[in-house]
Protein chains: 2
Amino acid sequence: MSASSDQGVTAAAGFEAAGVAVGLKSTGNKDVAIVVNRGPLKAGAAVFTSNRAKANPIIWSQQAISDGVVEAVVLNSGGANCFTGSFGFQTTHQTAEKAGELLGVSPGDVIVCSTGLIGTGDEVFRAKVLEGVTQGVAALSADGGVAASEAIMTTDSKAKRAVVARDGWTIGGMAKGAGMLAPGLATMLVVITTDAVLEASELDAALREATAVSFDRLDSDGCMSTNDQVTLLASGASGIRPDADAFGAALTEVCADLARQLQADAEGASHDITIQVVHAASVADAVEVGRSVARNNLFKAAIFGNDPNWGRVLAAIGTTDAEFDPYDVDVWMNGVRVCTAGGPDAPREAVDLTPRATLLVIDLKVGDDEATILTNDLTHDYVHENSAYSS
Amino acid sequence: MSASSDQGVTAAAGFEAAGVAVGLKSTGNKDVAIVVNRGPLKAGAAVFTSNRAKANPIIWSQQAISDGVVEAVVLNSGGANCFTGSFGFQTTHQTAEKAGELLGVSPGDVIVCSTGLIGTGDEVFRAKVLEGVTQGVAALSADGGVAASEAIMTTDSKAKRAVVARDGWTIGGMAKGAGMLAPGLATMLVVITTDAVLEASELDAALREATAVSFDRLDSDGCMSTNDQVTLLASGASGIRPDADAFGAALTEVCADLARQLQADAEGASHDITIQVVHAASVADAVEVGRSVARNNLFKAAIFGNDPNWGRVLAAIGTTDAEFDPYDVDVWMNGVRVCTAGGPDAPREAVDLTPRATLLVIDLKVGDDEATILTNDLTHDYVHENSAYSS
């Protein structure tokens, strides 16, 4: 069972965290977070955006994670440090060096994450981030998980944390993300910590499995970020080595919980849409079909208007290569079968789309596999939030 | 040169057309069109949506076009006759039979097109369409091109016609389309007529070449229709057999003119965005890169807000497999270079995005090929039009 918690990344033993405000955000809100692993283990794994346009912190962190040792993660909001040239990369490098110096660890074991406007990363940005490292290290505490989760927010309306406790060991995490939510791996900034005893290779395998069925199934607006990463740290402080399957299941639970929180807070959304594709010939087919609907603006606008426009669902899935007969598909909306075998079924009036939670089931009738994709509707507020200012 | 004309499909000699109102539209506007080829040639070619979810008229017309003989095209707005089962297919069949009977031609040489809400195609719909054929045949005239172009409108704010006249022969056409505008082939209903002397195989080759660089480069909202088709008819009434290249160039001009009219009338749009991808390694790469931007909601919302957010351009193109170095790309907006070689260039304030016509140039710096994609911005009105009612 998932337990709600105010701790996030400091729920597991062996971690300290902090969130501080150094003026990267014009609002004065917290904008630099730091998470430190006090051990005894210093194992880590991470997954990164598959976008070829990668921010400087991604390029740095992909190197830093390669030895499976992570001492700390430094994250800033208020600037993506992406497409900021060699100056921007040096800023990321200096961030890791500053944290390493203050913590007495190797800079190569410090992961760096940034989020905010692409192209932001000048001298002022650098000075503030470095000041944030100094203040953050000074503010580290064993209950700093809340402050850290607040410091990584951008257009998020609330901080996102999740904790799963098992017999003697715990996994906790925090996430930020409200736009550019689409798969590629990750799709947001996430830090997850555990006090279980696991090696880096075990963490890596478990993290890839968990993100593949959680964050990778979230496709809010079809736009893939340049800065996404999910980092998992193990301190071993519990002294317990869990069964791999039990750990994987708990980790998936934390990831799925955070993914749901990201969906629920997506920019401007008025519906959280769960797309279940069932009786597919393969999981890959089910994902492809679900994603084609999740990225169809006409379908998403119809849901905003509480219109059970199943024709747009069929028009969307017809663009895929998945195995199915378009004239033998059933479509259900919020429990009502609106289309069966290539024709209309229950009248539109029978479907109530006013609740925020929306369930779309697409029955392909060809196999035994299935997948669930999470998305949101396309609303006036989405357009407003993404046109009224740069983000 | 493209000439504006009030004739459209009846600009070329040898054609008659009509548009009538039979109550398929609740507004009382014209909703059934018919275009008849009076010969002496009865050659035709067509391209169809590549969506696997195909409307009944598409399934019918793909058969009807196979012998290269087309006597007439019957089109209705006010109902897509898609996912309406075998009853819907019989409606299409009866439409062709009715037209064949009244015109004294084989039903197998009658192309049928429908547009409107998916799932619409009941007994009432059938009766009205058949009545429309009767009224339409009675109203046929050599200057019926205007009425026909009006009868195929759905959410279009204006009728769309284009004519190109050459030395002794003419090509004219009409189009409808304002939403579900994305490639696949076609993306709308289009009928083009010519009095040139050309065989069906020549028409087919010319039509595929012309649509590939016109309608297929229009990607207004990324949503592919179930009903799109472009039909080209030749009457041979001019007695002139044009050079293949000259005919192809004129046909491309008509198609490009109609495509621009479709873009300019896209649902809710406030910007017509031309995306030029230059110095690509191949045309396919250029198209892929351009399309990735055309389908990026964050970029499209930024343009609506007159925000030259080039970071969203790079984030979009980074998701493609095209050959280029993301850190050596230049981006120009309305003549201002806002990003060069992976870093910011001119300040955002230097770019004026207030005109409706918007030019985005992406210089990939790897080759000599290029392509242009046409799209629109993502606006409040787009969301409104596609959520406030079923269409």
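Two strands count as paired when DSSP finds at least two bridges between them. Keep that rule in mind as we walk through this structure, which is a predicted model.

Let's begin in chain A, with strand β4 (residues 72-76) and strand β5 (residues 110-114). These two strands of chain A pair in the parallel sense, and 5 bridges link them. One place to look is Asn76(A), which stands opposite Ser114(A) in β5(A). If you follow β5(A) along its length, you will find that 5 of its 5 residues are buried. Both of its faces are covered: Val110(A), Val112(A) and Ser114(A) are buried on one side, and Ile111(A) and Cys113(A) are buried on the other.

Now move to chain B, where β4 (residues 72-76) and β5(B) are joined by 5 bridges and run parallel. Here Ala72(B) has Val110(B) in β5(B) as its bridge partner. The two strands belong to an open sheet of 4 strands with mixed pairing, and its order is β1-β2-β4-β5 in chain B. At the edges are β1 (15-20) and β5 (110-114) of chain B; each has a single partner strand, so one side of each is left without a neighbour in the sheet. On average, neighbouring strands of this sheet are turned by 10° against each other, direction ignored. A helix of chain B, α2(B), packs on the sheet and touches β2 (32-37), β4 and β5 of chain B. The direction of α2(B) makes about 135° with that of β5(B).

Two packed helices are described by the angle between their axes and the distance between the axes. For helix α2 (residues 85-103) and helix α3 (residues 123-139) of chain B, the angle is about 20° and the axes are 10 Å apart. Angles under 35 degrees count as roughly parallel, and α2(B) and α3(B) are therefore roughly parallel to each other. Their crossing is right-handed. On the α2(B) side, the residues that meet α3(B) include Thr91(B), Lys98(B) and Leu102(B); on the α3(B) side, Phe125(B), Val129(B) and Val133(B) are among those that meet α2(B). Sorted by class, this contact has 8 nonpolar, 4 polar and 2 charged residues.

Further along chain B, find Leu251(B) in helix α6 (residues 244-264). Is Leu251(B) buried or exposed? It counts as buried, with 25 C-beta neighbours inside 10 Å. Leaving aside residues up to four places away in sequence, Leu251(B) touches Ile171(B), Ala206(B), Leu207(B) and Ala210(B). Thr193(B) is 58 residues from Leu251(B) in sequence, while their C-alpha atoms are 9.8 Å apart in space.

Another helix of chain B to visit is α9 (residues 310-317). In α9(B), 8 of the 8 residues are buried, so this helix is largely enclosed by the rest of the structure. The buried residues include Trp310(B), Arg312(B) and Leu314(B). What covers them includes α7 (283-294), α8 (297-304), β11 (330-333), β12 (336-340) and β14 (357-363) of chain B.

Back in chain A, there is an open sheet of 6 strands with mixed pairing, in the order β13-β12-β11-β14-β10-β15. Its edges are β13 and β15 (369-376) of chain A; each has a single partner strand, so one side of each is left without a neighbour in the sheet. Inside the order, β11 (residues 330-333) and β14 (residues 357-363) of chain A pair in the antiparallel sense over 4 bridges. Met333(A) has Leu360(A) as its bridge partner in β14(A).

How do the chains meet? The contact takes 45 residues from chain A and 45 residues from chain B. In chain A, α8 (297-304), α9 (310-317), β13 (343-344) and α10 (380-387) each supply at least two residues of the side that touches chain B. Of the elements of chain A, α8(A) gives the most to that side, with 5 residues. The residues on this side of chain A divide into 20 nonpolar, 22 polar and 3 charged.

Finally, look at some backbone details. Most residues other than glycine have a negative phi, and most peptide bonds are trans. In chain A, a cis peptide bond joins Gly39(A) and Pro40(A), with omega about 15°, and Pro40(A) sits in the loop between β2 (32-37) and β3 (43-48) of chain A. His279(A), in strand β10 (residues 272-280) of chain A, has a positive phi of about 55° although it is not a glycine.

Key
Residues are numbered from 1 along each chain as its sequence is written. Chains are lettered from A and ligands numbered from 1 in the order in which they are written. This is a predicted model: local features need pLDDT of at least 70, side-chain atom pairs count only at pLDDT 80 or more; totals for chains, interfaces and linings use all residues. Axes are lines fitted to C-alpha atoms, for helices over the stretch in contact, and angles run from 0 to 180 degrees between N-to-C directions. Angles under 35 degrees count as roughly parallel, over 145 as roughly antiparallel, 65 to 115 as roughly perpendicular and the rest as oblique. A crossing is left-handed if the near helix is turned anticlockwise from the far one by less than a right angle, and right-handed if clockwise. Two residues are in contact if their C-beta atoms, placed from the backbone, lie within 7 Å. Ala, Val, Leu, Ile, Met, Phe, Trp, Tyr, Cys and Pro count as nonpolar, Asp, Glu, Lys and Arg as charged, and the others, Gly among them, as polar. A residue is buried if 20 or more other C-beta atoms lie within 10 Å of its own, exposed if 12 or fewer, and partly exposed in between; C-beta atoms are placed from the backbone.
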